[in-house]
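Welcome to this short tour! Please open your viewer, get ready to select residues by number, and follow along stop by stop.

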Amino acid sequence: STIDVIPSNIFENVGTTRGAAKDLERLMGSNYFDYPKPIGLIQQIIKITQLGKDSIILDFFSGSATTAH
């Protein structure tokens, strides 16, 4: 896909650490991490890299498993 409008900030509206902590609480019953990555951030990074459906993503530290999610 092509980009029609170049955003002023490619990481706007991708979520916050606070929001990610709330997501973890809903999923796991508690927040076990100090600074979990927002799912929207990882989704945006994957989107802008234009990876294919069968691409492999290496997450060096899968603490809260955001990339796996």
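Helices (H or I, at least four residues) and strands (E, at least two) are DSSP runs, numbered from the N terminus. Select residues 39-49 to see helix H2, and pick out Ile45, which lies in this helix.

A word on what you are looking at: this is a predicted model, where local features need pLDDT of at least 70 and side-chain atom pairs count only at pLDDT 80 or more, while totals for chains, interfaces and linings use all residues. Residues are numbered from 1 along each chain as its sequence is written, and side-chain values use heavy atoms, with hydrogens and water left out.

**The whole chain**

How much of the chain is buried? Of its 69 residues, 14% are buried, meaning under 20% relative accessible area, whereas exposed is over 50% and partly exposed is in between (1.4 Å probe, protein chains only). Accessible areas come from the Shrake-Rupley method with a 1.4 Å probe, and for residues only the protein chains shown count as cover.

**A nonpolar patch**

Select Ile10, Phe11, Ile45 and Ile48, which make a nonpolar surface patch of about 300 Å². Patches are made of residues with over 30% relative accessible area and no salt bridge, with like charges joined within 9 Å and nonpolar side chains (Val, Leu, Ile, Met, Phe, Trp, Tyr) within 5 Å. A salt bridge is a side-chain nitrogen of Lys or Arg within 4 Å of a carboxyl oxygen of Asp or Glu.

Zoom in on Phe11, found in the segment before helix H1 (17-28). Phe11 is partly exposed because its relative accessible area is 36%. Ile45 has a value of 35%, so Ile45 is partly exposed too. Phe11 and Ile45 are 34 residues apart along the chain, and their C-alpha atoms are separated by 8.5 Å.

Is Gln44 buried or exposed? Its relative accessibility is 18%, so Gln44 counts as buried. Which residues does Gln44 contact, leaving aside neighbours within four places in sequence? Show Ile10, Phe11 and Val14; contact means heavy atoms within 4.5 Å.

**Last stop: Asp59**

Move to Asp59 in the segment after H2. Asp59 counts as partly exposed because its relative accessibility is 24%. Not counting residues up to four places away in sequence, Asp59 touches Lys37 and Thr67.
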